[in-house]
Each structure stands twice: as C-alpha cells, then as structure tokens.
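Please look over the sequence and the structure shown here before reading on.

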Amino acid sequence: MTNLQVHPLRILFIASYYTPYMIGGAENMLKIHAESLARRGHQVTIATLGPQSEIAEEAPINGVNIIRMPVRNIYWPLEKGKNKIQKIAWHLIDCYNPMHRNDLQQVIDRVQPQVVICESIAGWSPAIWKDIASLHLPVLQVVHDQSFLCGKGIMFKNGQRCLKPCRECKLLRLGYRYASRYVSRFIFVSHYQQQFYHDCHFSSVASSVVYNAEPLSLEKKSELGNPKKAMRLGILGTLTLHKGVHNLINAFKLLKGNFELYVGGNFCSEDFRNQTVQLIAGDPRVHLLGRVNADNFFRQIDLTVVPSLWLESFGLVAVESCAKQVPIIVSNFGGLTEIVREGINGLSCDTTNVETLAATIQKVYDDESLYRKLVEGTHASIAKFINVDRMAAEIEQLCQEVINR
C-alpha cells in the first residue's frame, strides 16, 4: 500500500445496524472502524437503518455522528414473527432495491462526504453502490462474511460448507455481482476471503486486505496446565451447527485423560439447544454457560477450540483467546489460518473430521512442553490484530487512494 499524506477527511459510513442494534462481530468492527478514524481527526458520520419512518439525526457517540434511516423494504429486519414468504420477498427486493436513493441523496447533501465506506448493507441493497458512484463519490466496501455470495452469508448448506454459490444463491446475489462494478475498492478481512471471492466471480473488482483489529489488553495466565487438574477446553460464540459445536462435543467424548468442556454463548434456536443437550447426554464435565463475558471466560480455560465448519472470514474469538494467553485449535481452512501460527500459538486441523479434531486436542494434552510453548507464543503472534491504529491507518490510506484516483 502506498503511503500517502492523509488530511482530515469527511467520511460517510453506510451500514445496516449501529448501536444500540449491535447484532454481532460485524457491528462491533464497524464501531471500531468509525471511532478509530474519528480519533485520527476525520469527520465521521454513519448512516444506518432503524425501525422509524423518517430520517433522524442522533447525538454523536465517541465523535461519530449518527443518522438513522427508515428501511425501504416490507419490514424492519429485526422484527420477529415473519413467515417464509415474507422473508423470501424481503430478500428478493433487497437484491437490487433503488428505493433508498432519495434518502441517500439527502444524507450526502447534508454530510458532503469525500468518500463513502459501506459495511453490512442488508436492507440497503447493492443498488446504493451505483447511486453513490452516480454522485461521483468513491465507495469502499468492507466485506465481513460471505453475504455477497450467499443469501445466509455463511456458505453452508446441508451440514457442509459450500465451495461455490448454489443456484439459489446465484439468483439472490445477481444484483450484487451486477452492481459490484461501481465499487472503487473492496476491503477483505483476510487473504483467504479475498481469494474465495475472486474464485466466485468477483475477480474483476479491485480489492485490498485489511486485517481486523480489536483493542484488547494482554494478560498472562496465573498458572499453566496442572497435570493434577483437568484441561479445560472452551468454545465461545453464537452456538450453531456451522460453528462446529457438535463436532467438538463428539471429539470430547473420544479424549483420554482429565478434561472439561466449557461452552459459552447463546444458542441460535431452542431446537438446536435441545439437540446439543441430548448429545451431551448428561455428562457433568460439559458446562453450558450461556452468554458470558469473554475476558472472564478465557481466564478460566486452558485451550480454546474454534472448530468452524463454514468459511470463517477472520475469527476475532481466536485473537481474544490469545490475548488472555490461551492457545487455540482452529479449522485448517478459512481466515482462521491467518491468525493461528502453527506450533507457535496453536494448531490447525480438519475440524470436519471428529477423530482428527480429537487427536489434535489429545496431542496438546499429552505434550506438556508443546502446550507451554503455545501459551508463551500467544501474545507476540497477535500484535497486529490488537493494533487498532494500524488498521485505521490502512483504511485511511485506501480512502486517500480512491479519492486521488
């Protein structure tokens, strides 16, 4: 990336959700992006969606101006109780929905941005890319997941990860492929994600990689693994099939030695929770903790397992684990492979194979010197992933590049 002199810029972010509607990791990262750029002296405004019927300006938060916009679709996405037909209709409209054009024009007239950064755009639709370009403004698009390729954003179907979009997703995402020509630069959060999009027909768009970063404090473990105590395994996040929690429980049953398993996070549905409870079969060594504080969670475990079955774009949970000096075992595909340094802060394996996952955990348990080496390597391995200023500077440079183009 060329180092250009960057003057204070007027930056407009466009996103589906912003505080208080913090849905997940993408919204948290948007908040970090916006606030870190504001701290660097830029005038930052976020245009985001809400359940109200009119455009409303809200009080700035941490230097970030907020404009809440109505959803120009058949319902507010966070409303519950919608039937399948309504959901399909919503997604079909969202494929290419020009009805935000007037709202967007009002915001741009008000903010007078020099560059627009889009993050999650469900509810806005990719039509805004063309609308922004028609106003002769450069647009950057941050890609947090597989939403521009898949209707569900996870590229996971029938219990397996998808290696390419299915026919249904190609149809639902046709508008994204068409409108992608109007994006000045796509920003991917890992090289793996960038290559995957390239292979899935986004090969003609300009793109860069900017790794996520989170302002985490580093802590040292109070004690390393004690052979007289159980090795405490942990998994943290929204608990779904594609996150691999059932594979981990099945692998846990194969382990030989003194182990406990701590499962942190909310279940995606009551049905999936019931399936998980049945799989555990009353094993007292498995602890379902529900929603937990991440720092406290990592302080009580010895080894984090991130057994994702889908193409994880990045995986901040692995970084959070290493910040607390807890080594990681992750899937050997997806963006997680760019966080784990094999044999330094963790190991990777084929987490779709229960026996392989169990063998990898067993290897760390059986080899105390390996475990100690992984613990000692955690902090240095994530230096760039906790450097928010590094991330903001890279985004800043990309803004200047597309403005000067």
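Questions and answers on a helix pair and some loop residues follow.

This is a predicted model, in which local features need pLDDT of at least 70, side-chain atom pairs count only at pLDDT 80 or more, and totals for chains, interfaces and linings use all residues. Residues are numbered from 1 along each chain as its sequence is written, and side-chain values use heavy atoms, with hydrogens and water left out.

Reader: How are α12 and α13 oriented to each other?
Author: Helices here are DSSP runs (H or I, at least four residues), numbered from the N terminus, and strands are E runs of at least two. The axes, lines fitted to C-alpha atoms over the stretch in contact, with angles from 0 to 180 degrees between N-to-C directions, come within 5 Å and cross at roughly 95 degrees for α12 (residues 354-366) and α13 (residues 368-381). Angles under 35 degrees count as roughly parallel, over 145 as roughly antiparallel, 65 to 115 as roughly perpendicular and the rest as oblique. The two helices, α12 and α13, are therefore roughly perpendicular.

Reader: Is S125 buried or exposed?
Author: S125 sits in the loop between β5 (115-118) and α4 (127-134), and its phi is positive, near 80 degrees, though it is not glycine. Buried means under 20% relative accessible area, exposed over 50% and partly exposed in between, with a 1.4 Å probe and protein chains only. With a relative accessible area of 0%, S125 is buried.

Reader: What is the relative accessible area of A281?
Author: A281, in the loop between α9 (270-280) and β13 (286-290), has a positive phi of about 55 degrees without being a glycine. A281 is exposed, and its relative accessible area is 63%.
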